[in-house]
Structure formats: structure tokens, C-alpha cells
Amino acid sequence: MRRVLGPVLFFSAIAAVWEFGVAWFDVPRYLLPPLSRVASAAWETRDEIVSNAVVTAGEVLGGFLLATFVGVGLGALIHASALARRTLYPLVTAFNGMPKIALAPLLVVWFGYGFTSKVVASFVFAAFPIVVATVGGLAATPFVLDEHFRALGATTWDTFWRLRLPAALPSITDGLRIGMPLAVIGATVGEFVGAERGLGYLILFATTQARIDLVFAGILAVTLLSVGFSWMVERASRAVWWRAYS
């Protein structure tokens with residue numbers, strides 16, 4: 001009860017400040033509508049919000065799964081190969097320093113307005129923290145345990161699969177937790193640049209129509225989508241930990 005009551009009271013206080021603060025300070029609705037108006041707009045357009053959220057969710061899942069497989073695989077390669085550490089890792093770091101929002105128009109040009117460009121945008125945003133977390137987690141394997149496996153005559157694959165990867169799971173999980181919200185941001189940015197469906201498209205359309213209440217409803221929908229996916233990643237990570245360490 002204590003675990004539930006605290007967050008409920010906290011978010012209720014934020015909602016109350018939003019609702020009554022707008023009226024108290026006489027904030028124009030075209031700048032910040034009250035929360036009740038945002039909730040009303042969300043309810044009136046619930047079918048449209050849900051259908052667009054389904055599109056965005058598919059793009060996020062596609063990009064995040066691609067980022068997970070590529071990120072973990074690339075991180076393992078960088079850890080295992082000195083040549084990859086000297087060549088690929090600096091390239092990945094330089095790519096992360098690039099303003100990825102500026103790549104979104106190019107992705108639309110290369111992959112079109114459809115599903116693929118949003119998946120690639122989601123992947124581009126989410127991949128780097130997963131790569132870094134994988135490299136750091138594999139490198140942090142206790143030296144004593146590594147020597148113990150060598151003394152037992154374990155092969156390189158056995159050492160990786162039975163020691164290094166389980167030991168790196170907490171770090172990889174942290175990378176996945178960071179990467180998931182970034183995947184949502186990437187898909188939404190891709191929809192801003194060019195899309196026919198999705199929450200990003202809905203927010204942009206509502207902005208052109210001066211429907212600020214619907215804009216906030218779309219933003220809240222994106223936030224809830226990110227929170228839900230992050231919760232799923234955490235639950236899945238705990239299940240993997242249980243299998244790895246049991």
C-alpha cells in the first residue's frame with residue numbers, strides 16, 4: 001500500500017497544480033490548456049490516438065529489437081577484437097556525436113515515408129547506449145573468475161556464454177533501459193519529419209490546427225508509451241536475470 005500510495009499522491013499533486021494553476025494565473029488556453037481540457041480532447045479523439053499509438057508502438061518495437069541485436073552483437077565484437085576496438089568503436093562514438101535529428105530527413109529520402117524509415121530512426125537513436133553498456137559489462141567480468149575458467153580448460157565460447165555474458169547482464173540491462181525511451185524519441189522524430197500515421201504525425205497535425213489540447217494529449221500518449229515499454233524491458237530483464245543466475 002505504501003509503494004502505491006506515494007506515487008499516486010505525487011502525480012495527483014502534479015495534476016492538481018496543472019489544473020488549478022492554469023486558472024489561478026489566467027494562462028491562455030492556446031499556451032497551456034488545463035488538464036481537464038487535455039483529458040477531454042484525449043477522450044474525444046481516443047480512437048484516433050489509439051490507432052496512431054499502435055503504429056508508433058510497432059515502429060518502436062522494430063527499432064528497439066534491431067538496436068538490441070546489433071548493439072549487443074557489435075559490443076561483443078568490440079570487446080573480443082582489438083582491431084574492432086581501434087576501428088569500429090571510434091566510428092560508433094563519432095556517429096553518436098552526430099546530430100541524429102538532422103539524419104531524419106535523409107532517412108525519409110532513403111527509405112520513404114513508410115514504416116521502414118521510422119524503424120531505422122528508432123534504431124539510430126537507441127543503438128549507442130546498448131553498444132557502450134555491452135562493452136563495459138563484458139570488460140567488467142571479474143579477472144579471478146576468468147582465470148578460473150581458463151584453468152578448467154573452458155573454450156572461448158564457453159567462457160563468453162557461461163561467464164562473461166551473464167556477468168554483463170546488469171550493464172546490458174541498463175543500456176536497454178536507456179535505449180528504450182530513445183527508441184520512442186527516434187520513432188516520434190521520424191514521424192515529425194515525414195509520416196502519414198503515428199503519434200508524432202498526430203502531434204504535428206494538431207499543431208497546424210492550433211489544437212494545443214490535442215498536442216498535449218499526443219505528448220502524454222507518447223510518454224505513456226515510453227513508460228509502458230520501459231516497464232516491459234525491466235520485467236523482461238528480471239526474467240532473464242533469474243534464468244541466468246538460477
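Helices here are DSSP runs of H or I, at least four residues long, and they are numbered from the N terminus.

**Ground rules.** I'm working from a predicted model, so I keep in mind that local features need pLDDT of at least 70, side-chain atom pairs count only at pLDDT 80 or more, and totals for chains, interfaces and linings use all residues. Residues are numbered from 1 along each chain as its sequence is written, and side-chain values use heavy atoms, with hydrogens and water left out.

A pocket is an open set of points on a 1 Å grid over the protein atoms alone, where a 1.4 Å probe fits, with protein on both sides within 12 Å along at least five of seven lines; lining residues have an atom within 4 Å of a point. I find 13 lining residues, with Ala217, Leu220, Ala221, Leu224 and Leu225 nearest the centre. Helix 2 (35-44), helix 3 and helix 10 each supply at least two of the lining residues, and helix 10 gives the most, with 5.

**Cores.** Next I checked nonpolar cores, meaning sets of buried Ala, Val, Leu, Ile, Met, Phe, Trp, Tyr and Cys residues joined through side-chain atoms within 4.5 Å. Buried is under 20% relative accessible area, exposed is over 50%, and partly exposed is in between (1.4 Å probe, protein chains only). The largest core has 34 residues, and Ile49, Val60, Phe64, Met180 and Leu199 have the most contacts inside it. Among the elements giving it two or more residues are helix 1 (2-24), helix 3 (46-80) and helix 10 (212-245).

**Val135.** Where does valine 135 lie? I find it in helix 6 (residues 115-139), buried at a relative accessible area of 12%. Not counting residues up to four places away in sequence, valine 135 touches Gly75 and Ile78.

**Ring check.** The rings of phenylalanine 10 and phenylalanine 11 have centres 5.3 Å apart and planes at 75 degrees, so I log them as edge-to-face. For pairing, ring centres of Phe, Tyr and Trp (its six-membered ring) lie within 6.5 Å; planes under 30 degrees apart are stacked, over 60 edge-to-face and the rest tilted. Both phenylalanine 10 and phenylalanine 11 are exposed.

Notes
Contact = heavy atoms within 4.5 Å.
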